[in-house]
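Morning, everyone. I'd like to talk about pockets today. Have a look at the model first.

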Amino acid sequence: MSKIVIALGGNALGNTPEEQMDRLESVAKIIVKLISEGNKIVLTHGNGPQVGQIALAMEYAHQGNVNTPLMPFAECGSMSQGYIGYQLQQALQDEMERQKVKKDCVTVITQVLVAADDPAFQNPTKPIGAFYSKEDADELAKTRGYTFVSDAGRGYRRVVPSPMPIDIVESRVIKKLVDDDTVVIAVGGGGIPVVKNDKRELLEGVDAVIDKDLSSALLGKLIDADILLILTAVDKVYVKFNTPEQKGLDVITIDEARKYIEAGEFAKGSMLPKVEACIKFVTSPEKKAIITSLNEAAEAIEGNTGTKIVGGN
């Protein structure tokens with residue numbers, strides 16, 4: 001069987017803890033089926049709505065009368081990893097009990113190293129948190145140094161950098177756990193972004209969001225995974241998406257994927273980072289990357305659906 005990194009799309013998670021727990025029951029059934037077939041699984045996930053909610057709640061509490069300290073964004077990310085990981089763990093453990101699968105399951109709070117001089121820090125693009133009026137946004141920009149952009153006429157939102165992941169601090173621990181047949185949940189929300197302090201080479205959290213699929217691809221390489229499985233809202237990758245000429249892709253090479261990217265076939269905030277992550281993962285003929293929907297995951301691994309990205313011309 002295979003060692004698989006499964007990147008769970010945000011569409012599988014709800015907007016409240018109760019809604020999320022309900023949705024994770026169906027997620028768990030599919031993941032545990034793959035586990036029961038002998039596959040070694042690392043599960044990664046998004047955290048966009050959740051980290052925004054946490055950051056907003058902490059900011060609201062800070063502005064109140066109880067003197068709650070202002071919580072850095074990296075710490076908010078770690079909170080979201082813990083809470084989503086807890087619910088995923090519980091859903092998987094309960095489903096493994098129902099299916100009589102005897103495996104341990106653990107969440108690893110994961111730090112992802114980025115370069116302090118990554119150009120993304122000079123061009124924040126990732127929106128987080130609530131909408132503000134121009135006046136409130138200007139005040140927060142002045143007092144806290146935040147960057148805001150107008151968002152589709154709905155108000156102003158804070159944006160943070162989205163740097164490239166270059167290493168995963170806990171990758172060796174994760175690999176040991178997976179090789180020991182433990183089900184691991186890691187790299188939540190793309191990981192907590194950290195840089196190395198210039199003077200002492202110590203780790204330091206930064207205000208940023210790392211793309212979850214790119215971090216998942218890096219983790220897959222570091223733990224020597226066989227398959228990167230990216231789960232999203234559609235059954236496969238399409239070109240000419242949402243047009244009369246729409247066409248699903250079953251198998252594409254890295255070179256073909258790059259040509260589609262150059263032609264602008266994939267949306268920046270949607271399919272593009274998923275395809276780019278697959279390209280980074282598929283470094284040898286033995287590796288394969290698959291993009292499909294949650295419900296088609298098992299069939300996609302068998303080669304019956306989804307889009308498979310492979311090496312070669």
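Which residues lie nearest the centre of the second largest pocket? They are A55, E59, I128, Y146 and R158. Keep in mind that this is a predicted model.

Let me stay with that pocket. Its lining counts 18 residues. Three elements, α2, α3 (73-98) and β5, each give two or more of them. The largest share comes from α2, with five residues. The volume is about 240 Å³. By class, the lining has 13 nonpolar residues, two polar and three charged.

Now the largest pocket. Its volume is about 1,400 Å³. Here 50 residues form the lining, and the closest to the centre are K126, D211, G269, S270 and P273.

Where does that lining come from? Five elements supply at least two residues each: α2 (48-63), β5 (126-132), α6 (212-222), β12 (227-232) and α8 (271-281). Again, look at α2. This helix gives the most to the largest pocket, with seven residues.

Follow α2 on your screens.

Conventions: Residues numbered from 1 in each chain as written. Predicted model: local features only at pLDDT ≥ 70, side-chain atom pairs only at ≥ 80, totals over all residues. Heavy atoms only, no water. 1 Å grid on protein atoms, 1.4 Å probe; cavity = no way out; pocket = protein on both sides within 12 Å on 5 of 7 lines; lining within 4 Å. Points joined across faces, edges and corners; volume = space filled by probe spheres on them. Helix = DSSP H or I, 4+ residues; strand = E, 2+ residues; numbered from the N terminus. Nonpolar A, V, L, I, M, F, W, Y, C, P; charged D, E, K, R; others polar.
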